Amino acid sequence: MTKECDTLISAEENRAMFDRIAKNYDVANRAISMGLDKRWRRKAVAELMPFSGGRYLDIGTGTGDLVVEILNQAPGAGVDGIDPSVEMLAVAKNKVAEKGVSFFEADATALPMHGAFYDGIVSGFCFRNIEHRQKALIEMLRVLKPGGKLAILEATYPASPLVRLGYRLYTPLVPVIGKMLGGGAAYKYLVDSIGDFPRPETVLDMFREAGFDEVECRPLTLGTVCIFSGRKKQDG
Ligand SMILES: C[S@@+](CC[C@H](N)C(=O)[O-])C[C@H]1O[C@@H](n2cnc3c(N)ncnc32)[C@H](O)[C@@H]1O
């Protein structure tokens with residue numbers, strides 16, 4: 001039997017969940033990642049080697065932290081962010097008032113851009129939540145310029161048995177921290193969805209199937225997080 005969608009909950013349930021947790025998302029994120037999330041975002045953006053005057057897209061921008069990081073690394077870049085959650089976007093718009101940044105309410109599987117505009121696309125902790133991930137990868141490839149790069153930062157279930165042990169001891173705390181910040185069920189989903197997410201080799205195969213070249217996976221923090229990257233062919 002083929003799965004009708006890749007995720008544990010529907011796109012609509014996902015949107016409603018992120019609307020609910022938007023206000024406390026940044027605080028919860030920092031607490032759950034023990035402050036490492038900033039470093040992970042810095043590395044994901046660095047994969048794109050962004051430059052001033054370049055044009056970048058953040059998919060599932062949420063509260064806009066990756067947009068901020070792109071502008072830190074490349075002041076003067078043009079950045080767009082898309083997300084289906086209006087409440088997450090409201091926090092992002094409050095945080096980022098820079099010129100050259102636009103936010104759109106949209107889903108990764110139906111990007112509102114009509115051409116191949118972007119030198120780079122980044123996406124952080126969003127891919128896991130997309131109902132039809134292959135469709136989203138094809139959309140990302142479509143809006144990248146030839147030679148442009150995609151970097152997807154995602155939480156992954158660690159491969160090493162020893163790290164898995166530590167991970168299993170830590171993860172029951174995640175919904176507890178989430179509950180203190182008013183989002184218990186969302187943070188239980190976070191843990192469950194990481195367990196359900198395909199292994200890195202499968203994600204890399206999905207990139208290849210979509211048509212990406214130079215496909216790589218870079219594990220961070222003992223493989224609890226990975227940066228998946230790929231490039232659009234020059235003649236793509
Ligand atoms: C865990 S948050 C990550 C936010 C931000 N990228 C970060 O690094 O903190 C996941 C975001 O992905 C968005 N999202 C979920 N499904 C999506 C989809 N199908 N297309 C685009 N964004 C989606 C959610 O609304 C949420 O804002």
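**View 1. Helices α1 and α4 in the shell around the ligand.** Helices α1 (11–21) and α4 (65–73) each supply at least two residues of the shell around the ligand, helices (H or I, at least four residues) and strands (E, at least two) being DSSP runs numbered from the N terminus. The model shown is predicted, so that local features need pLDDT of at least 70 and side-chain atom pairs count only at pLDDT 80 or more, while totals for chains, interfaces and linings use all residues. Residues are numbered from 1 along each chain as its sequence is written. The ligand is surrounded by 21 residues, the closest being Gly-60, Gly-62, Ala-108, Gly-124 and Cys-126, where a residue counts as near if its C-beta atom, placed from the backbone, lies within 6 Å of the molecule. Helix α1 gives the most to this shell, with 3 residues.

View 2. The order β3-β2-β1-β4-β5-β7-β6 describes an open sheet of 7 strands with mixed pairing, two strands being paired if DSSP finds at least two bridges between them. Strands β3 (101–105) and β6 are the edge strands, each pairing on one side only. From one strand to the next the twist averages 15°, with axes taken as lines fitted to C-alpha atoms, for helices over the stretch in contact, and angles running from 0 to 180 degrees between N-to-C directions.

View 3. Strand β7 (residues 225–231) is mostly covered, with 7 of its 7 residues buried, that is, with 20 or more other C-beta atoms within 10 Å of their own, C-beta atoms being placed from the backbone. Val-225, Ile-227, Ser-229 and Arg-231 point one way from β7, whereas Cys-226, Phe-228 and Gly-230 point the other way. With strand β5 (residues 144–155), β7 pairs in the antiparallel sense over 7 bridges, and Leu-150 has Gly-230 of β7 as its bridge partner. With strand β6 (residues 213–220), the pairing is likewise antiparallel, over 6 bridges; here Arg-218 stands opposite Ile-227 and Glu-216 opposite Ser-229.

View 4. Helix α3 (residues 37–47) has Asp-37, Trp-40, Arg-41, Ala-44 and Val-45 as its buried residues. Seen down the axis of α3, these residues fall within an arc of 130°, so they line one face of the helix, the arc being that of the directions from the helix axis to the C-beta atoms. Their cover includes α2 (25–32), α4, β4 (118–124), β5, β6 and β7, contact meaning that the C-beta atoms of two residues, placed from the backbone, lie within 7 Å. After α3 comes Met-49, whose phi is positive, near 45°.

Definitions and conventions. Buried ≥ 20, exposed ≤ 12 C-beta atoms within 10 Å, placed from the backbone.
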